[in-house]
Amino acid sequence: SKNKKKINTYWHKRINSKGNYLASNVSSNLHNKKEKKVLSRNGFNLVLLHVFKDSPFNVIDRNRIFVDYFDWIENNLKIIENSKELWVFKMHPISSRWGENQREILNIMLRQILKKKLNNLYILGNSNKNDLLLKAKKILTFSGTAALEAIVYKKKPIVICKTNIEKLSNNVVIRPKSLSEYKKILVSKIDFKCSKKQSDLAKTILYARENLY
C-alpha cells in the first residue's frame, strides 16, 4: 500500500542518518575499531544506555523492578560479573550534549560495585546502533525508542518499563516482574524473535512518532 511504502522509505532514510530523530541520526552515522571487533564476534548481548541525568521519574510505576537508570545498570553489572557471554554497553549517542561522561560513570560503577574490570564487557561510544541491533542476541533497554528499534529487527527487547507497543501487540517485549526473573532471563537461551507483523507495527509507530506527532 501507499502508506506501507512511505513507512519503509522513512525507515531506510532513518538508518542512513536522514530521519527526524536526532539521537538516531547521530548513532547511525558512527563507526569505530572496537565496534568492528565486537561485530566480528560470534554473538553478544547489547545493553542500550539512557542518559543517566534523564532518569524516568515523570511516571511512577510501582511494578517496575528498578528505581532508575543507575539502579538498573548497577544490577546488570552484578549479573554480568557471573556471565560467560560477551556484553556490550552502548553509550547514548547524545549523552555528551547533556554534559554527561557515560564512560566515566560506568568506570566508577565498576570500581565501586565490583571493584574490578570485567573481561566480558565492552563499552562502546561512537558506534552504529543499527549494526549492533542486527547482530546482538539479547537486547536490553529500560524503555523508549530503542525497544521499538529492536522489534523492527524482529528481536524482542528486554525492557523495564511498560512500552506503548504492548497495548497493540501481545508478547512483543520481555518485561520481567521481579529481579529474580530478570536474572534468569539474562542468563537464559530463550527465543527472542519477533514476528514480521510485530516488526512492521514497530516501524509504523516510529514513523508516526517522528513524522506525525
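Helices, of at least four residues, and strands, of at least two, are taken as DSSP runs and numbered from the N terminus. On this basis, the predicted model of the protein contains nine helices and four strands. From the N terminus on, these elements follow the order α-α-α-β-α-β-α-β-α-β-α-α-α. The radius of gyration is 17 Å, close to the 17 Å that the globule rule gives for 213 residues, so the protein is as compact as a globular protein of that length. Along the principal axes, the C-alpha atoms occupy a box of roughly 55 × 35 × 35 Å.

Of the 213 residues, 53% are buried. Among contacts with a separation of 6 or more, 69% link residues 24 or more positions apart. The accessible surface amounts to about 11,700 Å², and carbon and sulfur atoms contribute 50% of this area.

Lys115 is located in the loop between α5 (102-114) and β3 (121-124), and its phi is near 60 degrees, a positive value in a residue other than glycine. The relative accessibility of Lys115 is 66%; because exposed denotes a value over 50%, Lys115 is classed as exposed. Lys154 is found in the loop between α7 (145-152) and α8 (179-187). The phi of Lys154, near 65 degrees, is likewise positive in a residue other than glycine. With a relative accessibility of 39%, Lys154 is classed as partly exposed, a category that spans the values between the 20% and 50% cut-offs.

Key. Residues are numbered from 1 along each chain as its sequence is written. This is a predicted model: local features need pLDDT of at least 70, side-chain atom pairs count only at pLDDT 80 or more; totals for chains, interfaces and linings use all residues. Side-chain values use heavy atoms; hydrogens and water are left out. The radius of gyration is taken over C-alpha atoms; the globule rule is 2.2 Å times the number of residues to the power 0.38. Buried means under 20% relative accessible area, exposed over 50%, partly exposed in between (1.4 Å probe, protein chains only). Contact means heavy atoms within 4.5 Å. Accessible areas come from the Shrake-Rupley method with a 1.4 Å probe; for residues, only the protein chains shown count as cover.
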